[in-house]
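Student: Please take me through one part of this model in detail. I would like the packing around one loop, with the cut-offs spelled out.

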Amino acid sequence: MATARPRRLEYSEATRQALVDSAVELFTEHGYAGTSLEEIARLARVTKGALYHHFGGKQALFEAAFDAVETSVVSRLGGVLSDAGDQWEATRSGLSAFLEVCLEPSYQRIVVQDGPAVMGWERWRAAEESYTFGVVRAAVAGLIESGEIDPLPIDALARVVFGSLSAGATAIAASSTPKEARADIGACIERVLQGLRTR
C-alpha cells in the first residue's frame with residue numbers, strides 16, 4: 001500500500017520549484033547582475049527566509065536555474081534524437097533542435113552569457129560537459145556504429161563536434177542577427193558532417 005507524501009515535503013518542493021522558475025524568468029530578463037534575491041522571492045511569493053532555507057545565496061540559485069534550463073534542453077534533444085527515423089536523420093534533427101535552443105533567451109542569457117562569468121570557466125565547462133556533451137557523444141557514437149560516418153575515435157570526434165556547437169551557441173547569442181547566425185552555423189556544421197559521411 002502506497003503511503004501519502006508528507007504535506008510539508010510537498011510544500012517544500014513546491015517552494016523550491018517556484019524559486020527556480022522565478023530565478024529563470026528574472027535572470028533571463030535582467031541577467032545575473034541585474035537581478036536581486038528580493039525580486040526572486042517576491043515573484044515566487046515566498047519570504048526571503050524561505051529562499052535562504054533552500055539556497056545558500058544568489059550563486060546557488062543561479063546554478064539551480066542553470067540546471068533547470070540545461071535539464072530541459074537535454075530532455076528535449078533526447079526526445080528529438082529518439083523520435084526521428086534513421087540515425088543520420090535523427091542526428092540532423094538533433095543538430096537543428098540544438099541550434100533552435102540557441103535562439104531561446106533563457107539559454108542565451110543563463111547558459112551561454114552569464115554561466116561562465118557566474119560559475120567560473122572550469123565549473124561552467126564541466127557543467128556543460130555533464131549535460132550537452134553526453135548527448136553529442138551518443139549521437140556521434142550512433143553515427144559511427146550505424147556506419148553513417150567514418151570510424152574515427154568516438155571521444156575525439158565528439159569533442160570536435162561539441163566544441164563546434166559550443167562556439168556556435170556563443171556566436172548566436174552574441175549576434176545582432178541571431179537567426180541569420182543560426183542558419184549560417186547550421187549550414188557549416190552540416191557540411192562538416194557531410195564530409196565525414198561514408199559514401
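Tutor: Ala 181 is buried, at a relative accessible area of 12%. Buried means under 20% relative accessible area, exposed means over 50%, and partly exposed lies in between (1.4 Å probe, protein chains only). The model is predicted, so local features need pLDDT of at least 70, side-chain atom pairs count only at pLDDT 80 or more, and totals for chains, interfaces and linings use all residues. Residues are numbered from 1 along each chain as its sequence is written, and side-chain values use heavy atoms, without hydrogens and water.

Ala 181 sits in helix α9. Helices are DSSP runs of H or I with at least four residues, strands are runs of E with at least two, and both are numbered from the N terminus. Leaving aside neighbours within four places in sequence, Ala 181 contacts Ile 172 and Ser 175; contact means heavy atoms within 4.5 Å.

Now the loop. Thr 35 lies between α1 and α2. At 3% relative accessibility, Thr 35 counts as buried. Beyond its neighbours within four places, Thr 35 contacts Leu 26, Phe 27, His 30, Ile 40 and Lys 58.

Next, the rings. The structure holds seven aromatic pairs. One of them joins Tyr 32 and Phe 62, with centres 5.4 Å apart and planes at 85 degrees, so the pair is edge-to-face. Tyr 32 is in the loop between α1 and α2 and Phe 62 is in helix α4, so the pair ties together parts 30 residues apart in sequence. Rings of Phe, Tyr and Trp (its six-membered ring) pair if their centres lie within 6.5 Å; planes under 30 degrees apart are stacked, over 60 edge-to-face, and the rest tilted. Both Tyr 32 and Phe 62 are buried. Together with Phe 27, they form one aromatic cluster.

Lys 58 lies over the face of Tyr 32, at 4.5 Å from the ring centre. The rule is NZ of Lys or CZ of Arg within 6 Å of the ring centre and within 35 degrees of the ring normal.

The largest nonpolar core has 58 residues, and Ile 40, Phe 66 and Tyr 107 touch the most other members. Its largest share, nine residues, comes from α7. Such a core is a set of buried Ala, Val, Leu, Ile, Met, Phe, Trp, Tyr and Cys residues joined through side-chain atoms within 4.5 Å.
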